[in-house]
Amino acid sequence: MNFSDELVQWYNENKRDLPWRNTTDAYIIWLSEVILQQTRVEQGLPYFYRFLENYPDVTRFANASEDEILKLWQGLGYYSRGRNMLKTARIVQEHFNGKFPQAYDQLIKLKGIGEYTAAAIASFSANEAKAVVDGNVYRVIARYFGISEPINSTAGKKIFQATANDLLNKKMPAVHNQAMMEFGAMLCKPKNPACGTCPVKEGCYAFINNAAAALPVKLNKVKIRERFFNYFLYTDGGSILMNKRDESDIWANMYDLPLIETSSLLPLDELLALPETAAYFGNSLKISGNVMVKKHLLTHQHLHVRFITLSQQPIKIKEGWVFIKVEKAKKTALPKVIFIFLDNFLN
Ligand code: SF4
């Protein structure tokens, strides 16, 4: 048996029963693929079911408002992906008569669909012979063939895509691709791969050379930015003072709370003495609570978040701040860290 046959046989005996594997509907496959780019299967499943229940077809998705989509997306992060989904759904509705395309060359032109997602949808929905290369596939190929070229270098991407193309079983690309990904997720795992029970261990470079922990190689390009967010919660009884974020930063166009960002974690008295704080809240700010949320981790940023609850007092309303009724705020798409804090506060 060749490499693909071995993996397909393993897949047929060991695969998880996941809902998007029992369909060739390109819309449903697209939903699952975009959601799973954000999260692990167990965490992604409830989101997948919620989206499918609310928007069983692309037409209903295209007719949703951005806020409705972001509310369902809440907690997945990378909110631009939710927005891109809506743009794509509307393009499909308008230019493809509401029928989600299956061809790679059409899919790759849609918003938010890259090479991986286009190959996944094309192969799973129409058996088009396109090899998928996701994180699982990178890992399997790097270890089995002993490729130490970084997976996020330009040269590395070409080598891995070419190797995946060579391996692809062109008679059954859908099953082959599923098998590669499932094998990486379940057996050739990032930590502690199950090499002892692996059906291809005899030919595996990493197994023979005890090198699984060192492969794949990834260039550490991402510099993490530390940010310090001081949020002020001010309510007038039935409404919460909220801040509409601009487009140039994380959580674009979403609502959070009045915010003063500092370059380090300041003691509370120093924060309250800042000219910016005094400009909006006066010099004798009355606070009723000071809650530290240690860290909220985004991919490229670590947010150190603090919530300061204000007592009733006169304040100056900055441009972009707006009172929102509590019931409406609960239904608005909010960054997860804000949603959790408000949810606790309001309950
Ligand atoms: Fe992965 Fe280990 Fe199998 Fe090699 S032997 S493919 S490292 S699980």
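1. A search of the whole structure finds 24 aromatic pairs; rings of Phe, Tyr and Trp (its six-membered ring) pair if their centres lie within 6.5 Å, with planes under 30 degrees apart counted as stacked, over 60 as edge-to-face and the rest as tilted. The model is predicted: local features need pLDDT of at least 70, side-chain atom pairs count only at pLDDT 80 or more, and totals for chains, interfaces and linings use all residues. Residues are numbered from 1 along each chain as its sequence is written, and side-chain values use heavy atoms, leaving out hydrogens and water.

2. The rings of Phe-3 and Tyr-144 have centres 4.5 Å apart and planes at 50°, so this pair is tilted. Phe-3 belongs to helix H1 (residues 3-14) and Tyr-144 to helix H9 (residues 135-145), 141 residues apart; helices (H or I, at least four residues) and strands (E, at least two) are DSSP runs numbered from the N terminus. Both Phe-3 and Tyr-144 are buried, where buried means under 20% relative accessible area, exposed over 50% and partly exposed in between (1.4 Å probe, protein chains only).

3. Tyr-234 and Phe-323 also form a tilted pair, because their ring centres are 6.3 Å apart and their planes are at 55°. Tyr-234 lies in the loop between strand S1 (225-233) and strand S2 (239-244), and Phe-323 in strand S7 (residues 321-325), so the pair ties together parts that are 89 residues apart in sequence. Tyr-234 counts as buried at 7% relative accessibility, whereas Phe-323, at 35%, counts as partly exposed.

4. Which residues touch the most other members of the largest nonpolar core? Among its 97 residues, they are Trp-30, Phe-61 and Phe-100. Such a core is a set of buried Ala, Val, Leu, Ile, Met, Phe, Trp, Tyr and Cys residues joined through side-chain atoms within 4.5 Å. Helix H2 (residues 26-36) supplies the largest share of this core, eight residues. A second, separate core has 12 residues, including Tyr-234 and Leu-266.

5. Tyr-27, Trp-30, Phe-51, Tyr-55, Phe-61, Trp-73 and Phe-100 form one aromatic cluster.

6. Arg-21 is found in the loop between H1 and H2 and is buried, with a relative accessible area of 18%. Leaving aside neighbours within four places in sequence, Arg-21 is in contact (heavy atoms within 4.5 Å) with residues including Tyr-11, Gln-178 and Glu-182.
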